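Subject: Structure handover

Hello,

Here is the structure I promised to pass on. Please open it next to this message and follow along.

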Amino acid sequence: MPSKKALIRRPSPRLAEGLVTHLEREKVDVGLAEEQWEAYVEALRTHGWETVEVDPADDCPDSVFVEDTVVMYRNVALIARSGAESRRAETAGVEEAVARLGCSVNWIWEPGTLDGGDVLKIGDTIYVGRGGRTNAAGVQQVREAFEPLGARVVPVPVSKVLHLKSAVTALPDGTVIGHIPKVDRPSLFPRFLSVPEEAGAHVVLLDGPKVLMAASAPKTADLLADLGYEPVVVDISEFEKLEGCVTCLSVRLRELYA
Ligand SMILES: NC(=O)NCCC[C@H](N)C(=O)O
C-alpha cells in the first residue's frame, strides 16, 4: 500500500522578506499567512495525507516553500541546490527529515542548480524546467540520479515564470494544464489543456478526482469540476504575493518502503 506522507514546513517569521522575481513586491500579512498555512495543512490531512513537519528554518524567509528543497523519485530524495543562493540554507533540515523517513539521499552538486519547483513528475516521465533557478548541469544531474531507476527526463524551457510548476502541473490522468501566456512550449506535452487563469495551472493531486487548488482561480475550478474533478479550494493569497502556489507548500512522498 503506497504511503501518503507529505512534508510541510511552518512559515518563517521573516516570510515577508521572501524573494520576488516576476512580481512587484506587495506587503505580506504574516499572521494571515500562518492561518492560511494551517488551513492548507488541514486540507492535506482531511484528504488522507499524514503530514510530516520539517524543523522550521526561521532565518530563511522562503523556507515554507519546502517543495523547492527536494525532489522525490521512488525512495530517493534528491536534495536541491537552489538557483537562489539565499535559499540554500533551507536544505539542511529537509535532508534530516527525509533521512529519518528512510529515504536514500542524493544531492545536486556545484555547478548544478535546481529548485524542486522546476520538476514535474508524470508517472516515470520527469519534466525539468530549465530557467532562472535550474541550470543545464542541474538538469543533467537529475538525469544521472533518476534515469538509472527507470525515469525519463525531459528538459523544458521556462522563461515567463519562476518555475516550471508555476506554469504547468498535471491532472490525475496525466493531462498537463497551463495558462497559455505563461507556458513557453505547450507542444512539448503529449496532452495539454489550457486553463483560463495563471493560478489555475497549479493543482496538487489529493486523492482520486480531488485536486487542491488556490481560491484565486475560480474559473479554472469550475472548468475542472465540469470535467469531473473535485476541486478542494484553499486561500493562499499571502504566499502568492511571494510567487508561491499550492504545489510549493508541500512535498508528497508516495513510494517510501518504510
Ligand atoms: N515551487 C515554488 O513555486 N516555489 C515558490 C518559491 C517562492 C519564493 N519566494 C522564491 O522566489 O523562491
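Below are the notes, element by element.

This is a predicted model, so local features need pLDDT of at least 70, side-chain atom pairs count only at pLDDT 80 or more, and totals for chains, interfaces and linings use all residues. Residues are numbered from 1 along each chain as its sequence is written, and side-chain values use heavy atoms, with hydrogens and water left out.

**The sheet**

Three terms first. Helices (H or I, at least four residues) and strands (E, at least two) are DSSP runs, numbered from the N terminus. Two strands pair if DSSP finds at least two bridges between them.

An open sheet is built from 3 strands, in the order S2-S1-S15, with mixed pairing. The edges are strand S2 (50-53) and strand S15 (251-253). Each has a single partner strand, so one side of each lacks a neighbour in the sheet. From one strand to the next, the twist averages 30°. (Axes here are lines fitted to C-alpha atoms, for helices over the stretch in contact; angles run from 0 to 180 degrees between N-to-C directions.) S1 and S2 pair in the parallel sense, over 4 bridges. Opposite lysine 5 stands glutamate 50 in S2.

**The S3-S4 hairpin**

S3 and S4 run antiparallel and are joined by 4 bridges. Methionine 72 has alanine 77 in S4 as its bridge partner. The hairpin has 2 residues between the strands, and arginine 74 takes a positive phi near 50° there.

Burial is scored by relative accessible area: buried is under 20%, exposed over 50%, and partly exposed in between (1.4 Å probe, protein chains only). S3 is covered on both faces. Val70 and Met72 are buried on one side, Val71 and Tyr73 on the other. In a regular strand, side chains alternate between the two faces of the sheet.

**Helix H2**

Which residues of H2 are buried? In this helix (residues 91-100), they are Thr91, Gly93, Val94, Ala97 and Val98. Seen down the axis of H2, they fall within an arc of 160°, so they line one face of the helix. (The arc is that of the directions from the helix axis to the C-beta atoms.) An α-helix has 3.6 residues a turn, so residues three or four places apart point the same way. The buried residues of H2 pack against strand S1 (5-8), strand S3 (70-73), strand S4 (76-79) and strand S5 (104-107). Contact means heavy atoms within 4.5 Å. Glycine 102 follows H2, with a positive phi near 90°.

**The loop between S4 and H2**

Two residues in this loop deserve a look. Glutamate 90 is in the loop between S4 and H2. Glutamate 90 is buried, with a relative accessible area of 1%. Not counting residues up to four places away in sequence, glutamate 90 touches Arg9, Cys60, Asp62, Ser63 and Thr69.

Arginine 87 is found in that loop too, between S4 and H2. Arginine 87 is buried at 6% relative accessible area. Its side chain reaches the backbone oxygen of phenylalanine 65 at 3.0 Å. A polar contact is a pair of N or O atoms within 3.5 Å; within protein, one must be able to donate a hydrogen and the other to accept it, and residues adjacent in sequence count only if both atoms are side-chain atoms. Leaving aside neighbours within four places in sequence, the contacts of arginine 87 include Leu19, Asp68, Asp115 and Arg133.

**The ligand**

How many residues surround the ligand? There are 15, and the closest are Asp62, Glu67, Asp68, Arg133 and Leu242. (A residue is near a molecule or strand if one of its heavy atoms lies within 4 Å of it.) A polar side-chain atom of arginine 87 lies 2.8 Å from a ligand oxygen atom. For arginine 133, a polar side-chain atom is also 2.8 Å from an oxygen atom of the ligand. A polar backbone atom of leucine 242 is 2.8 Å from a nitrogen atom of the ligand.

**Helix H5**

In H5 (residues 218-226), Thr220, Ala221 and Leu224 are buried. They cover an arc of only 105° around the axis, which puts them on the same side of H5. The face turned away from that buried side carries the exposed residues Lys219, Asp222 and Asp226. The buried residues of H5 pack against strand S11 (192-194), strand S13 (210-214) and strand S14 (230-234).

Glycine 228 is in the loop between H5 and S14. Glycine 228 is partly exposed, with a relative accessible area of 48%.

Best wishes
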